[in-house]
Amino acid sequence: MDAKLRRHVDSALFIIGFFVLWELLCRGFGISDLVLPKPSQIIVTLVERMPALWPHTVQTLYTTLVGFGFGIVIGVLLGMLIGSSRLAYDVAYPLLIGFATIPKVAVVPIFVLWFGAGTVPAVLTAMIMSIFPIVVNVATGLATTEPELEDVMRALHASRLDILWNVGLPRTMPYFFASLKVAVTLAFVGTVISETVASNRGIGNVMMIASSNFDVPLVFAGLFILAVMGVALYAVFSLLETRITGWAHRKQDLAMG
Amino acid sequence: MKPAPVTADTARISDYFVELAGVTLNYGRGDREVKALGLTNLRIAPGDFVALVGPSGCGKSTILKLVTGLIAASSGSVTVAGHAVGAETVRVGMAFQNPTMLPWLTVRDNIMMPLKIVPPFRRQYRSKRKGEFCDRAEALLKDVGLAGFGDKHPWQLSGGMLQRASLCRALIHEPQLLMLDEPFGALDQFTREELWAIMQDLWMKLRPTVLLVTHDLKEAGYLANRICVMRARPGEIIDDAEVPFPRPRTIEMSYGSNFVAMTQRLRELIVTGRSAKEAA
């Protein structure tokens with residue numbers, strides 16, 4: 001337990017040290033607020049402007065989570081299809097890779113064209129950003145299921161659905177949760193991209209307006225809020241992962257003779 | 001001692017529980033075709049305990065897979081309990097050389113898996129999971145010497161313990177047909193002998209029809225009522241003999257001169273790959 005506490009302290013010290021160094025460099029070299037604001041100034045801005053920033057924060061979080069939710073549903077379904085059928089794998093995989101390679105910024109104007117500026121394109125962008133890692137991981141998890149595990153079920157004359165439900169999906173859970181951690185941060189990226197390009201609400205929009213007003217501390221305050229939300233959601237899914245798929249991260253030293 | 005040739009007529013009205021009639025199996029096609037199993041006839045009475053022994057690659061496991069319906073025969077017919085194989089009317093239990101426990105379930109949930117899949121239990125699984133089915137799993141765990149380990153996860157158990165649990169899983173749904181594919185192969189000598197005794201007790205208590213594939217002649221002699229010797233390329237049964245020793249058998253018995261003579265005879269057959277008739 002001591003070693004664990006020690007690691008947490010080390011980690012916290014390093015993070016604090018990073019901001020202290022930043023502060024010192026800004027003061028030491030007399031860097032202008034227009035280029036790189038001091039951390040202390042960013043905090044002051046955050047506190048002072050919080051009433052105005054809060055609705056935008058909620059908007060961005062809401063958009064991200066809705067997009068992420070759709071991303072999970074579609075990603076899992078697609079992943080199951082691709083992972084359990086050879087034909088689907090051959091047909092859909094190249095298309096999926098091609099789709100994933102497209103810069104998402106380029107897609108936002110299309111969504112705006114179809115649905116108008118605002119929340120809908122942001123949700124959709126968050127969704128398509130988060131789908132890819134989920135599909136790939138779910139498909140990989142299913143496709144790499146040990147045939148021996150399936151043989152046990154087949155000897156019992158289990159149906160394909162039984163095997164998927166009792167062996168394939170549980171076995172895929174560690175892959176799925178690993179992908180959620182990545183996907184949720186990507187969903188944030190998607191939301192902010194879309195808000196920056198075509199919206200009048202959300203942190204992305206706030207930062208866009210602030211930068212055109214040369215209100216650099218506010219831009220950084222926005223960045224700070226995004227970082228905190230991103231880390232928080234990552235932590236939530238990380239916790240869920242260890243709770244649900246602890247069997248895959250077990251410690252060897254618990255095993256008996 | 002060789003089984004009589006089976007015709008379509010006798011097959012239909014037979015008293016045998018498992019019946020392979022004129023079965024062959026080829027892998028691949030055209031030039032690459034490999035004959036895994038030559039013409040094979042095998043009949044097993046209900047409640048019998050038959051062991052298949054032979055060199056590696058002689059098709060022992062192939063016969064097991066054919067009877068379970070995991071693969072289909074190239075020709076001939078495989079009948080279990082009077083139906084073509086694969087019919088869900090027969091409950092089959094299977095234990096492999098690897099324990100193949102699902103790592104995300106507790107040992108008890110692993111053992112109860114067949115009850116979740118196989119009718120008629122699957123309909124009652126939700127209601128009896130915590131009650132009757134759980135008691136049944138506990139009773140079996142006690143039989144194999146794993147009492148109190150039901151709540152552990154597979155990775156917390158040793159190889160021998162997992163193999164015991166694997167036997168429980170093969171038996172929990174009261175299978176009429178039990179398939180054992182070298183289930184004791186990866187264990188040390190002492191654990192193996194202990195599990196033989198447990199297996200014999202369970203068989204005498206539950207009396208499923210058992211087909212055991214093994215490399216261990218002593219194991220075959222200890223457990224089986226009948227031993228079929230196979231040879232490789234093409235795989236075929238070259239000898240089929242009763243094991244005359246009374247039950248319950250003991251390890252001490254396996255050092256008796258009759259037992260040793262029997263295993264030596266089996267060994268001779270496997271090494272030379274010739275049938276008793278050819279040798280004579």
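**View 1. Burial of strand β9 of chain B in the predicted model.** Strand β9 of chain B, covering residues 226-231, is mostly covered, with 5 of its 6 residues buried (a residue is buried if 20 or more other C-beta atoms lie within 10 Å of its own, exposed if 12 or fewer, and partly exposed in between, the C-beta atoms being placed from the backbone). Strands are DSSP runs of E with at least two residues, and helices are runs of H or I with at least four, both numbered from the N terminus. This is a predicted model, in which local features need pLDDT of at least 70 and side-chain atom pairs count only at pLDDT 80 or more, while totals for chains, interfaces and linings use all residues. Residues are numbered from 1 along each chain as its sequence is written, and chains are lettered from A and ligands numbered from 1 in the order in which they are written.

**View 2. Partners of β9(B).** Strand β3 of chain B (residues 49-53) pairs with β9(B) in the parallel sense over 4 bridges, where pairing requires that DSSP finds at least two bridges between two strands; within β9(B), B:I227 is the bridge partner of B:A51. Strand β10 of chain B (residues 236-242) runs antiparallel to β9(B) and is joined to it by 6 bridges, and B:D240 in β10(B) is the bridge partner of B:C228.

**View 3. The hairpin of β9(B) and β10(B).** These two strands form a hairpin with 4 residues between them, and B:R233 in the turn has a positive phi of about 45°.

**View 4. Elements of chain A.** Chain A contains 9 helices and 0 strands, and its C-alpha trace spans about 75 × 55 × 30 Å along its principal axes.
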